[in-house]
Amino acid sequence: MAPSLLFTVRRREPVLVAPAKPTPREVKLLSDVDDQKGLRFQIPGIQFYRYDPSMAGKDPVEVIRKALAKTLVFYYPFAGRLREGAGRKLMVDCTGEGILFIEADADVTLNQFGDALQPPFPYLEELLYNVPGSQGILNTPLLLIQRVNHTMSDAAGLSLFMRALGEIACGMHKPSIPPVWRRELLNARDPPRVTCTHREYEKVPNTKGTIIPLDDMAHRSFFFGPKEVSVIRGLLPLHLRQCSNFEILTACLWRCRTIALQPDSDEEVRLICIVNARAKFDPPLPSDVTRAGFREVDFGWGKPVYGGPADEGGIPGLASYYLPSKNAKGEEGIVIPVCLPSDAMERFIKELDNILNNHVQPAKGGFIVSSL
């Protein structure tokens, strides 16, 4: 994005969009997985669309607002409010109050934002607005277009909601994939029965600030197309070159990140990957994210130039996500936002540059020797 762009945003007062028809008045328990403290934050998303002459005369605000009301009839828990019961148990009170919606205009064109739209977006505070009092987790609207309470939905679930919203905006009467609650599938046994060790929930001593983000953080995104992936693959031992692109990129970024953070040689570091388990249930839960992600959401103006998370999702320095994207040349690839302390980011960029520009020797055994 252009680094010194000036523009003015004119916002109207926030309004609540309620379901277009009466919906069940009930209380739905969230799962034991949803209850965990680490999910109690809000995730901002953002969608950029180009002007479509065929939609001339149609107001995107009215199209989306009306579609929201209709979509909430099917996704009515989103129109409720989150409550907390005994033992910090979360539940959604399906009140039908609605979600927050703000109409705004900006005197800026999409082209002024530059060729490649990808996080981090330097004008996020102008493009997305936090309504005072709406940033809590309990007793507040669960959706503020474009922000969602993470305890209510993960990226896959939100993608399905956005897909349904787009379908209804384009004239469908109901979502092609109906929503499924089934949170009880993720509850612990009663009584609980631990069948394996969950290292991911163990506390790790933080001795050098390499786990908890520091104040001086740098944000960058890195694009990996076929060329970049091929270069990294060529540095691997022969028996590892059949690994998936995900495995190769994850190993490369984890290596660069660990080198950049300079932990003590005896310091424990961990890598956790999120896995979509919807297909593991019997019957499987709806899961069509690969083919119907945020880049596929069409409200009538075509597919977005960019669609997906607006930042690190509330956990800077602790998480990265992989987004299908195009670079300025129109090449398909993966863009990965990374957030690190500023000095560590400089080392990260140098290490990654050395890998991509063949300044690192191919591995003959199981390791690639760092240039730092």
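Colleague: Among contacts in the chain between residues at least 6 apart in sequence, what share join residues at least 24 apart?
Modeller: That share is 78%, where contact means heavy atoms within 4.5 Å. This is a predicted model, in which local features need pLDDT of at least 70 and side-chain atom pairs count only at pLDDT 80 or more, while totals for chains, interfaces and linings use all residues. Residues are numbered from 1 along each chain as its sequence is written, and side-chain values use heavy atoms, with hydrogens and water left out.

Colleague: How many helices and strands are in the chain?
Modeller: The chain has 6 helices and 14 strands. These are DSSP runs numbered from the N terminus, helices being H or I of at least four residues and strands E of at least two.

Colleague: And how much counts as buried?
Modeller: 41% of the 372 residues. Buried means under 20% relative accessible area, exposed over 50%, and partly exposed in between, with a 1.4 Å probe and protein chains only.

Colleague: Is Lys 28 buried or exposed?
Modeller: Lys 28 counts as buried because its relative accessibility is 18%. Lys 28 is in strand S3, residues 27-29.

Colleague: What does the side chain of Lys 28 make a polar contact with?
Modeller: The side chain of Glu 26, at 3.5 Å. A polar contact is a pair of N or O atoms within 3.5 Å; within protein, one must be able to donate a hydrogen and the other to accept it, and residues adjacent in sequence count only if both atoms are side-chain atoms. Leaving out residues up to four places away in sequence, Lys 28 touches Tyr 76, Pro 77, Met 91, Val 92, Cys 94 and Trp 181.

Colleague: Different topic. Where does Leu 186 lie?
Modeller: In the loop between helix H3 (155-169) and strand S11 (217-224). Leu 186 has 36% relative accessibility, so it counts as partly exposed.

Colleague: What does Leu 186 touch, not counting residues up to four places away in sequence?
Modeller: Ser 31, Asp 32, Val 33 and Phe 281. Leu 186 and Leu 30 are 156 residues apart in sequence, with 9.0 Å from C-alpha to C-alpha.

Colleague: At what angle do helix H5 and helix H6 pack?
Modeller: H5 (residues 245-261) and H6 (residues 342-356) pack at about 135°, with axes 8 Å apart. Axes are lines fitted to C-alpha atoms, for helices over the stretch in contact, and angles run from 0 to 180 degrees between N-to-C directions.

Colleague: What does that make H5 relative to H6?
Modeller: Oblique. Angles under 35 degrees count as roughly parallel, over 145 as roughly antiparallel, 65 to 115 as roughly perpendicular and the rest as oblique.
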